[in-house]
Amino acid sequence: MLDASKAFDRVQYCKLFHKFIGRKLPAVIIRFLLNMYTHHRTHVLWNGRVSHWFNLSNGVKQGGVLSPILFCVYIDGLLISLCTAGLDCHIGHMFVGALAYANDLVLLAPTPHATCLMLQFCEEYAKDHDVLLNADKSKCIISRPRGVASGDNLNHDICFSISGNIIENVEC
């Protein structure tokens with residue numbers, strides 16, 4: 001399970017709107033969203049005091065109804081590359097190796113090697129799209145074959161990392 005820290009704040013408008021154009025979204029909707037996000041102003045309330053208004057230049061609105069959907073569009077290229085990588089995590093003909101909603105991403109892989117390859121795809125995409133994958137908030141659960149008790153520590157030598165930082169293995 002990977003955590004994308006400050007995910008909504010780091011969305012690059014230029015890349016997001018190119019993705020909309022590539023999906024052939026109607027121009028009127030793209031213009032509406034573009035206007036809504038490029039003319040977004042806000043201020044900060046802290047200790048009862050309000051700051052001056054300022055423009056926001058990137059990110060999708062935290063708590064906004066559309067924000068999880070917009071972020072899913074933003075990372076859809078990652079999901080597609082994981083799907084087409086041939087890492088063999090399917091139910092029937094459906095790829096189930098990467099499940100995502102908003103800034104949460106779950107990777108399912110049949111082998112430790114496949115997991116490492118998936119994490120490499122994630123690192124490359126994250127670097128290109130300014131997504132910060134946080135190893136400290138990410139977790140790894142390694143399933144055991146049936147009949148192997150959790151005390152039989154078969155996976156003690158397996159560890160994964162993202163951007164050079166170790167992802168913690170957990171039991172649940």
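**Exercise 1. Salt bridges**

Task: Determine how many salt bridges this predicted model contains, and state where the partners of the Arg10 and Asp130 pair lie in the chain.

Solution. 
Step 1. The criterion is a side-chain nitrogen of Lys or Arg within 4 Å of a carboxyl oxygen of Asp or Glu. By this rule, the count is 4 salt bridges.

Step 2. One of the salt bridges joins the side chains of Arg10 and Asp130, with an N to O distance of 2.7 Å. Arg10 belongs to the loop between β1 (2–5) and α1 (13–22), whereas Asp130 belongs to the loop between α4 (112–128) and β10 (132–134); the two residues are 120 residues apart, and the pair links distant parts of the chain.

Step 3. Arg10 has a relative accessible area of 27% and is therefore partly exposed. Asp130, at 31% relative accessibility, is likewise classed as partly exposed.

**Exercise 2. Two further pairs**

Task: For the salt bridge of Arg23 and Asp76 and that of Glu168 and Lys139, identify which elements of the chain are linked.

Solution. 
Step 1. The side chains of Arg23 and Asp76 form a salt bridge at 2.6 Å, N to O. Arg23 is in the loop between α1 and α2 (27–38) and Asp76 is in helix α3 (residues 67–84), so this pair ties together parts that are 53 residues apart in sequence.

Step 2. Arg23 is partly exposed at 45% relative accessibility, and Asp76 is partly exposed at 22%.

Step 3. In the salt bridge of Glu168 with Lys139, the closest N and O atoms are 2.7 Å apart. Glu168 is in strand β13 (residues 165–169) and Lys139 in strand β11 (residues 139–140), and the pair links distant parts of the chain, 29 residues apart.

Step 4. The relative accessible area of Glu168 is 42%, which places this residue in the partly exposed class; Lys139, at 28%, is also partly exposed.

**Exercise 3. The surroundings of Ser138**

Task: Decide whether Ser138 is buried or exposed, and name its partners.

Solution. 
Step 1. Ser138 lies in the loop between β10 and β11. Its relative accessibility is 0%, so Ser138 counts as buried.

Step 2. The side chain of Ser138 reaches the backbone nitrogen of Asp3 at 3.0 Å.

Step 3. Apart from neighbours within four places in sequence, Ser138 contacts Met1, Leu2, Asp3, Ile167 and Glu168. Glu168 is also the salt-bridge partner of Lys139.

**Exercise 4. A nonpolar patch**

Task: Identify which residues make the nonpolar surface patch, and locate Val44.

Solution. 
Step 1. Val44, Trp46 and Phe54 make a nonpolar surface patch of about 340 Å².

Step 2. Val44 is in the loop between β2 (41–42) and β3 (45–46). With a relative accessible area of 41%, Val44 is partly exposed.

Note on methods. Residues are numbered from 1 along each chain as its sequence is written. This is a predicted model: local features need pLDDT of at least 70, side-chain atom pairs count only at pLDDT 80 or more; totals for chains, interfaces and linings use all residues. Side-chain values use heavy atoms; hydrogens and water are left out. Patches are made of residues with over 30% relative accessible area and no salt bridge: like charges are joined within 9 Å, nonpolar side chains (Val, Leu, Ile, Met, Phe, Trp, Tyr) within 5 Å. Accessible areas come from the Shrake-Rupley method with a 1.4 Å probe; for residues, only the protein chains shown count as cover. Helices (H or I, at least four residues) and strands (E, at least two) are DSSP runs, numbered from the N terminus. Buried means under 20% relative accessible area, exposed over 50%, partly exposed in between (1.4 Å probe, protein chains only). A polar contact is a pair of N or O atoms within 3.5 Å; within protein, one must be able to donate a hydrogen and the other to accept it, and residues adjacent in sequence count only if both atoms are side-chain atoms. Contact means heavy atoms within 4.5 Å.
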